[in-house]
Amino acid sequence: MTELKRTALYDFHVANGGKMVPFAGYDMPVQYPLGVMKEHLHTRTDAGLFDVSHMGQVALTSTQGLEAAMLALEALVPVSVAGLKADRQRYGIFTNDDGGILDDLMIANTGDHLFLVVNAACKAQDIAHMRANLPDYVTVTEITDRALLALQGPKAEAVLARIVPHVTTMRFMDSHRVTVDGAQWWISRSGYTGEDGFEISIPADIATDVATKLVDMDEVALIGLGARDSLRLEAGLCLYGHDIDATTSPVEGNIAWAIQGIRRKGGARVGGFPGAARILAELDEGANKLRVGLLPQGRAPMREGTPLFATAESTDQIGTITSGGFGPSVAGPIAMGYLPIDFAADGVEIFAELRGKRLPVTVAPMPFRPSTYKR
């Protein structure tokens, strides 16, 4: 069995009562003594601190300049990288030749290079994919000496501003580099909870000190993977390997909003990315299935893998739940999954099979709770 990796905050988690579990090859805290439910609700009302250092941090530099690196990366993703302004970031998608999703990621323009954050379970393959497919003039460098924290919630700005006053000037998807006590902090106003907040890359050797300073503030609680999952589910956000994967296209995954017009038919830089033929056709004509929000009508949570049917009596399965559970902020069960396009409209009633019983489920818009990003 492969030995689990540890982030720079492992001892900090243990000292603070974190319950450690294997996740994406790392030993990570799934919850703290506060418990998943209270951690979730605290993030919605105050500020939650997450260790996301297991995710991959990558720099792309080019001997031919930043624009060359941007255009080179566009050969691997369907989003507009060259249109990304300095000190801004955007959501991106690595696609394969069949139009499926290899990973989703964040792409930031630092002014002289690109900074990427990729999923932990995919980072080795993502880095190999870029090194194999980007031109020789682009260098792919994995950053291994920095930790990554997420500070999320309505009080995140007030908390972080006590240390970094500059953050009050930032808006959603800004990505700035700030020197704090001689150390460079890479801060983006983003996150994966549906709340206003920040992701903060800092040198690993100061991670414990920074985390301690933040969690010592009254508004801040430590949050584990359990509440991170329920928060992103309420926000209608995908978990790679569950809600999207190498077999689902961005259109099927309901993340086509990430593909700017300039990369679509009629755009100045249309296509040129893996799977373009399928993805461009689906953008025009629609996909055969779609990821949708689902509201079970009872109180029982419906988990990943729960089969979906058109009626209480039908024998042919029409879809599957890919993420599901109890939504603490909405006080009821919520889920997402894939349905044929004819069943994917809001308000359509279908049925899920749970412990041998067919229970009604309603297709619902996402997010399940309005997002609070500072735009």
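Let's start with the overall make-up: the protein chain holds 8 helices and 19 strands, taken as DSSP runs numbered from the N terminus (H or I, at least four residues, for helices; E, at least two, for strands). This is a predicted model, in which local features need pLDDT of at least 70 and side-chain atom pairs count only at pLDDT 80 or more, while totals for chains, interfaces and linings use all residues. Residues are numbered from 1 along each chain as its sequence is written, and side-chain values use heavy atoms, with hydrogens and water left out.

Of the 375 residues in the protein chain, 57% are buried, meaning under 20% relative accessible area with a 1.4 Å probe, protein chains only. Along the principal axes, the C-alpha atoms fill a box of roughly 65 × 50 × 45 Å.

Now look for the barrel. It is closed, has 6 strands with antiparallel pairing, and runs S14-S17-S16-S15-S18-S19; two strands pair if DSSP finds at least two bridges between them. One of its pairings joins S15 (residues 307–309) to S18 (residues 349–354) in the antiparallel sense, over 2 bridges. Here phenylalanine 309 has phenylalanine 351 in S18 as its bridge partner.

Finally, visit histidine 13, which is found in helix H1 (residues 10–15). This histidine is buried, with a relative accessible area of 1%. Its side chain makes a polar contact with the side chain of tyrosine 32 at 2.8 Å. Such a contact is a pair of N or O atoms within 3.5 Å; within protein, one must be able to donate a hydrogen and the other to accept it, and residues adjacent in sequence count only if both atoms are side-chain atoms.

How values were computed: Buried means under 20% relative accessible area, exposed over 50%, partly exposed in between (1.4 Å probe, protein chains only).
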